[in-house]
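Trainee: Could you take me through one part of this structure in detail? I would like to look at a single strand and what surrounds that strand.

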Amino acid sequence: LAGEVASRLVVDTMGDYIKNGHESAANINPVNGDEMLSPEANRLLSSIHLSNKVVHEAARSNSAYRGMGSTVSAVYFTDSTLIAANVGDSPIYLVRDKKIKLLSVPHTFLAEQKSINPENASKLGMEFRHVLTRAVGTERSVKADSCEIQCFRDDIIVISSDGLDDKVSPQEILELTSNNRPDAACQKLVKLANDRGGDDNITVIVLKVKLVKNSRHRINRFLALVKRNSSNILTKLKYRRTAKCQI
C-alpha cells in the first residue's frame, strides 16, 4: 500500500510540475540548474527532486508510510531531442535502426558492483539484481541519472517495470516493438512475460516518434554552449554517467 501511495505522489507531483512549471509548488525550484543541461532537462530533474521531497515528507508525517519509496523512469520530448531520466531499476530502452540501447542507469546493488568490480559481481546471486541503491522518497535528497539525445522519426521508446525486464530479453523487446504497432507490442510483451511466470507487476509503455522538428536555434545554442565551456566540458563529461547515452 505504501509503495502505491509513493508512486501516485511521484506521478502527480512530476505531472503538475512539468505542466505548470515554476508556478507549481509555490514557485519552489528544488534543484539548482546545471549549465551543462538544457532547460527542459533541468525541469525534468527538478520534478524528480520535488517528488522526492513530497514523498519523503509524507513518509515522515504518517507512520503507516514510514520508509516508503518509489522508482521513476521518465522521458521528456523537446522539438528535436528526447530526455530520459530515472531513479531505480525500471528500464528505458531506445529502439533505433534495428538496434536496442538502454538509456536508463540501473540503481541496483548488482549493477553497481558490476561497474566497480565485475569479478566480484559475478559471484553474487540474482537476488541482488533488484536490491535498490537509491529510490525516490527514502532519503531527504536523491540523484537521478539523465541523458539528452537527438530524436529521430520512427524512434521507439520502451519504458517498463522490472516485471518485464526479468522475463523478456532486450532482443525480444527489439523484435516485438519493431514488428508491431505500439499498442500491439505492449500487449504481446505483457503476455510473453506472463506466459513465463509473471511473478511481479508488469507495466509497459511503448512510444513511437512520428514527427521531429529540427530547430536551427537549438543547434546554435549547443555550439555556443560548447564554445563557452570548452575548458571544462571534457572534464565534466568524464565523470558524467550520462555519456553512455551517446548514440
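Mentor: First, a term. Helices here are DSSP runs (H or I) of at least four residues, strands are DSSP runs (E) of at least two, and both are numbered from the N terminus. By that count, the chain has 9 helices and 7 strands. Keep in mind that this is a predicted model.

Let us take strand β3, residues 92-96. Start with the sheet around it. Four strands make an open sheet, in the order β4-β3-β6-β7, with antiparallel pairing. Strands of a sheet pair through backbone hydrogen bonds. At the edges sit β4 (99-102) and β7 (204-208), and each of these pairs on one side only. On average, neighbouring strands in this sheet are turned by 20° against each other, ignoring direction.

Now look at both neighbours of β3. On one side, β3 pairs with β4 over 4 bridges, in the antiparallel sense. Two residues show this pairing. Arg96 stands opposite Lys99 in β4. Tyr93 has Leu102 of β4 as its bridge partner. The hairpin of β3 and β4 has 2 residues between the strands, and Asp97 there takes a positive phi near 50°.

Next, is β3 buried or exposed? Buried means under 20% relative accessible area. In β3, 5 of the 5 residues are buried, so the strand is largely enclosed by the rest of the structure. Check which way each residue points. Ile92, Leu94 and Arg96 point one way, while Tyr93 and Val95 point the other way. For the whole chain of 247 residues, 41% count as buried.

What packs on the sheet? Helix α6 (residues 170-178) does, touching β3, β4, β6 (156-160) and β7. The direction of α6 makes about 55° with that of β3.

Finally, step back to the nonpolar cores. The largest has 21 residues, and among those touching the most other members are Val10, Met14 and Leu44. Helices α1 (2-20) and α2 (39-61) and strands β1 (72-77) and β2 (81-87) each supply at least two residues to this core. The largest share, 7 residues, comes from α2. Leu44 touches Met14, Ile18, Ala74, Tyr76, Ile83 and Ala85, leaving out residues up to four places away in sequence. There is also a second, separate core of 16 residues. Its members include Ile156, Leu174, Leu189 and Val206.

Definitions and conventions:
Residues are numbered from 1 along each chain as its sequence is written. This is a predicted model: local features need pLDDT of at least 70, side-chain atom pairs count only at pLDDT 80 or more; totals for chains, interfaces and linings use all residues. Side-chain values use heavy atoms; hydrogens and water are left out. Two strands pair if DSSP finds at least two bridges between them. Axes are lines fitted to C-alpha atoms, for helices over the stretch in contact, and angles run from 0 to 180 degrees between N-to-C directions. Contact means heavy atoms within 4.5 Å. Buried means under 20% relative accessible area, exposed over 50%, partly exposed in between (1.4 Å probe, protein chains only). A nonpolar core is a set of buried Ala, Val, Leu, Ile, Met, Phe, Trp, Tyr and Cys residues joined through side-chain atoms within 4.5 Å.
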